[in-house]
Amino acid sequence: MAKQYKIITYGCQMNEHESEKLAGFLTEEGYEPAEDKADADVIVLNTCCVRAGAESRVYGNLGALLPLKRQKPSLILAVCGCMAQNEQAFETLKTRYPYVDIVFGTHNFDKFREFLRRRTEAGERVLEREESNGPIVEGGVYRRDKKSRAYVNIMYGCDNFCSYCIVPYVRGRERSREPRYILQEIGELIERGAKEFTLLGQNVNSYLGEENGTATDFPGLLRRIDGLRGDFTFTFMTSHPKDLSDDTIEAVAMCAKLKKEIHLPVQSGGDAILSAMNRNYTAARYLDRLDKIRARIPACAVSSDIIVGFPGETEADFQATLALVRRARFSTLFMFMYSERPGTPAAEMPDKVPEAVKKRRLKELIELQRELLKN
Ligand code: 5AD
Ligand code: SF4
């Protein structure tokens with residue numbers, strides 16, 4: 001019987017997609033997906049560290065896997081991704097979880113097959129974390145289990161350094177894939193019957209692909225994808241309000257295959273908080289972008305993310321967030337309590353908001369959004 005694997009993915013779409021790459025590698029190595037964890041020969045935890053909750057779930061799950069590992073010592077446990085890339089978490093995994101066989105960060109995903117062999121053939125415990133990212137490695141084999149829908153990465157990393165966010169530290173600098181590879185990948189997927197694509201990147205608006213000395217910007221890429229032959233639709237995430245250009249709005253309006261939806265995280269409605277978050281826009285500027293989208297594409301669905309309880313957030317700042325939400329009429333809103341991430345600038349900021357206040361604000365915001373969706 002073939003060896004079996006189980007991949008447990010935490011966090012965002014980018015992670016989901018990278019798990020498809022791990023699954024591709026495992027398939028090439030002769031593994032098949034396991035129905036149940038208990039049947040697996042390899043269990044991979046592809047982790048997230050954007051909020052503390054995501055990390056504690058990983059540690060909890062690792063604890064729960066210990067009996068399985070004791071029962072079946074040949075089981076290979078691997079932990080990878082954003083949390084493993086974080087220096088502190090990497091050390092914790094190394095020292096406090098000795099039964100984890102393979103730990104690797106976001107910058108050495110492409111070496112997973114090699115790591116697996118080092119474990120299976122040489123019996124080595126593999127602990128690999130590279131400080132910085134190298135160039136993009138093309139030619140990854142993804143195992144996509146859904147035939148009709150596919151994620152396609154257009155860029156990696158983030159250069160924005162929003163003060164609360166750990167992502168730039170664990171995913172490295174912004175790098176855009178060359179348009180020809182993106183177009184080729186989508187073309188092949190269309191041929192195999194894919195009908196719906198989601199383009200992925202931390203800040204897709206700053207996409208800048210170079211090939212043969214010419215640059216393609218994000219709206220340019222959208223137009224080139226829209227021009228591909230075939231019966232398909234596509235969408236993209238995530239946009240940063242400071243970089244969402246008029247030309248991108250125009251491309252969304254004009255590209256027939258592009259779905260009329262934009263995920264545009266606002267994070268807060270208070271200008272002092274937006275500034276402390278290093279978001280580089282004001283609430284008024286955000287609403288200007290929103291009005292522009294709606295004037296040009298009346299049917300466009302706009303979704304957003306909001307963090308409540310950022311350090312220094314006053315009641316007035318929170319009221320400004322509620323006012324913005326009332327005015328914005330988001331089709332979907334993802335709402336979070338601020339979670340302190342060691343190593344980020346916000347972790348050093350004074351005036352931390354008490355947990356109970358954060359909870360109350362989150363509840364109020366959720367209720368407001370629910371009411372707004374009823375009308
Ligand atoms: N605490 C709470 N939420 C966060 N996000 C990012 N970092 C944090 C944090 N430290 C949220 C933002 C982002 C979404 C993906 O996660 O709203 O847009
Ligand atoms: Fe984090 Fe800001 Fe980059 Fe988004 S744009 S990944 S919130 S630093």
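The lining of the second largest pocket in this predicted model divides into 6 nonpolar, 7 polar and 7 charged residues. These make up a lining of 20 residues, among which Thr106, His107, Asp110, Pro135 and Arg175 lie nearest the centre of the pocket. The volume of the second largest pocket is about 400 Å³, and the element that gives the most to its lining is helix α1, spanning residues 13-28, with 3 residues.

Phe161 is placed in the loop that runs between β8 (155-156) and α6 (167-171). Another backbone feature occurs at the step from Met237 to Thr238, where the peptide bond is cis and omega is near 5 degrees; Thr238 belongs to the loop between β13 (233-237) and α9 (246-254).

Turning to the sheets, 6 strands form an open sheet with parallel pairing, in the order β2-β1-β3-β4-β5-β6. The edge positions are taken by β2 (32-33) and β6 (126-128), each of which has a single partner strand, so that one side of each is left without a neighbour in the sheet. Helix α2, formed by residues 52-71, packs on this sheet and touches β1 (4-9), β3 and β4, with a direction that makes about 175 degrees with that of β3. The two strands β3 (residues 42-47) and β4 (residues 76-81) pair with each other in the parallel sense over 6 bridges, and within this part of the sheet Thr47 stands opposite Gly81 of β4. Helix α4, comprising residues 87-96, lies across β4, β5 (102-104) and β6, and runs at about 165 degrees to β6.

Arg118 is found in helix α5, which covers residues 112-122. When the neighbours within four places in sequence are left aside, Arg118 is in contact with Gly123, Glu124, Val126 and Glu128. Arg118 and Ile102 are separated by 16 residues in sequence, while the distance between their C-alpha atoms is 9.5 Å.

A further open sheet is formed by 3 strands in the order β14-β15-β16, again with parallel pairing. In this sheet β14 (261-263) and β16 (332-337) stand at the edges with a single partner strand each, so one side of each of these strands is left without a neighbour in the sheet. From one strand to the next, the twist averages 10 degrees. Strand β15, made of residues 301-308, pairs with β16 in the parallel sense over 6 bridges, and Ile307 has Phe336 as its bridge partner in β16. Helix α13, which spans residues 355-374, lies across β15 and β16 and runs at about 170 degrees to β16.

Conventions
Residues numbered from 1 in each chain as written. Chains lettered and ligands numbered in written order. Predicted model: local features only at pLDDT ≥ 70, side-chain atom pairs only at ≥ 80, totals over all residues. Heavy atoms only, no water. 1 Å grid on protein atoms, 1.4 Å probe; cavity = no way out; pocket = protein on both sides within 12 Å on 5 of 7 lines; lining within 4 Å. Points joined across faces, edges and corners; volume = space filled by probe spheres on them. Helix = DSSP H or I, 4+ residues; strand = E, 2+ residues; numbered from the N terminus. Nonpolar A, V, L, I, M, F, W, Y, C, P; charged D, E, K, R; others polar. Pairing = 2+ DSSP bridges. Axes fitted to C-alpha atoms, helices over the stretch in contact; angles between N-to-C directions. Contact = heavy atoms within 4.5 Å.
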